[in-house]
Amino acid sequence: MLNKLELPWLGPLADAWLGAAEGGRPAHALLLAGAPGVGKRAAALWIAQRRLGMAAAALPGYQHPAPLPQHPDLHWLRPLEGKHTIHIDQIRELVADLCLTSYEGGAKVAVIEPANAMTGNAANSLLKTLEEPPGDTLLLLVADRLGGLPATILSRCQRVTIATPPDDVSLAWLNRLQPAANWPAALAMAGNAPLAAIEARERLDLTDAMARDFVQVAERRQSPLDVAARWYQYEPDFVLGWIVRQVQQCIHRASGSAGSACAGSVAESVLNRIDRRNLFCYLDVINRVRSQPAGSFNVQLTLESLLIDWAQGLQHCGNKFIRGGVLPIPDGKVNAS
């Protein structure tokens, strides 16, 4: 078990919140957005604890394993066990609880995470509460991606985007957790998000193997279907996020950015046969899939589609689109989840 460590890159957020609270201007609905692993949930817990008078720490902190927040006036809403979405009955129950008198006679706080897991009906049932929270209520919405949130939710929240910290800040913090670990590689694999790098470090061998697969599919030395079958065994969000970072690196390299690398060792001949515009299209397709709720698309067929496109040099990527929440399969195949 690790000791609780403060997250120094969240200092500006903490200062802004404390300043607004002291000035009597705290938001009643806050949307914390940013890449996975930048500390949004830690920030939400810290804000909730400050509002409820539970914490005196100057900065949000990280602790593993993460403690479950316990307070009668703190409501933490997540998808139910075995489910991928937050459904309307959960929101209705939350709204009813928030209308009750506070247990301690003060503030109430509700945290919804991930907010983009709410179904459309669930999001609609929250709108009135977001606009006019009952009593002294604070609503905190946490989202890794904003694509799944309707505009009606976004317009009713004060948005705070938490950026990934500079590498030197992240590496200094990670080295406090475990000195001499291969944090630079883990941080790069995690898209420069320090908390995500903790898990990424345990997957370095796996991602090295995935990088070899990705290169060999591009060079047509491995079957996209065989690679998709292997990758299907891993968490979909991890695999799709990893592909996104490889494509981003390829875009940097195709744009002539110094020091960039594309999946480690993709040959120039492979990269040269891919139109840079199609790299952006490919990235957009993957991000649109990622914005959909888990369980709403056929993962294996989606991976097959993406890897077939990669093997074909993204020649047909310009014709891709998301239909009915599912990624179509090339060559006329139908993706039925």
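Which residues line the second largest pocket? They are Leu-68, Pro-69, Gln-70, Leu-74, His-75, Trp-76 and Arg-78. Before we look further, note that this is a predicted model, in which local features need pLDDT of at least 70, side-chain atom pairs count only at pLDDT 80 or more, and totals for chains, interfaces and linings use all residues. Residues are numbered from 1 along each chain as its sequence is written, and side-chain values use heavy atoms, with hydrogens and water left out.

**The pocket**

Rolling a probe the size of a water molecule over the atoms shows where empty space is left. Here a pocket is an open set of points on a 1 Å grid over the protein atoms alone, where a 1.4 Å probe fits, with protein on both sides within 12 Å along at least five of seven lines; lining residues have an atom within 4 Å of a point. The second largest pocket has a volume of about 180 Å³, a volume being the space filled by probe spheres set on the points, which are joined across faces, edges and corners. Its lining has 4 nonpolar, 2 polar and 1 charged residues. In this scheme Ala, Val, Leu, Ile, Met, Phe, Trp, Tyr, Cys and Pro count as nonpolar, Asp, Glu, Lys and Arg as charged, and the others, Gly among them, as polar.

**Helices side by side**

Helices (H or I, at least four residues) and strands (E, at least two) are DSSP runs, numbered from the N terminus. Axes are lines fitted to C-alpha atoms, for helices over the stretch in contact, and angles run from 0 to 180 degrees between N-to-C directions.

| Helix pair | Angle | Axes |
|---|---|---|
| α1 (11-22) and α2 (40-51) | about 25 degrees | 11 Å apart |
| α9 (204-218) and α10 (224-231) | roughly 160 degrees | within 10 Å |
| α11 (236-254) and α14 (299-311) | about 15 degrees | 11 Å apart |

Angles under 35 degrees count as roughly parallel, and those over 145 as roughly antiparallel. So α1 and α2 are roughly parallel to each other, and their crossing is right-handed. A crossing is right-handed if the near helix is turned clockwise from the far one by less than a right angle, and left-handed if anticlockwise. Contact means heavy atoms within 4.5 Å, and the residues of α1 that take part are Leu-13, Ala-14, Trp-17 and Leu-18, which meet Ala-43, Trp-46, Ile-47, Arg-50 and Arg-51 of α2. This contact has 7 nonpolar, no polar and 2 charged residues.

The pair α9 and α10 is therefore roughly antiparallel, with a left-handed crossing. Met-210, Asp-213, Phe-214 and Val-217 of α9 touch Pro-224, Val-227, Arg-230 and Trp-231 of α10.

Helices α11 and α14 are therefore roughly parallel, and they cross in a left-handed way. Their contact joins Pro-236, Val-239, Leu-240, Ile-243 and Cys-250 of α11 to Val-299, Leu-303, Leu-306 and Trp-310 of α14. By class, those residues are 9 nonpolar, no polar and no charged.

**Two loop details**

The peptide bond from Glu-113 to Pro-114 is cis, with omega near -5 degrees. You can find Pro-114 in the loop between β5 (108-112) and α4 (120-131). Asn-192 is not a glycine, yet has a positive phi of about 70 degrees; Asn-192 sits in the loop between α7 (183-189) and α8 (194-201).

Methods. Parallel < 35°, antiparallel > 145°, perpendicular 65-115°, else oblique.
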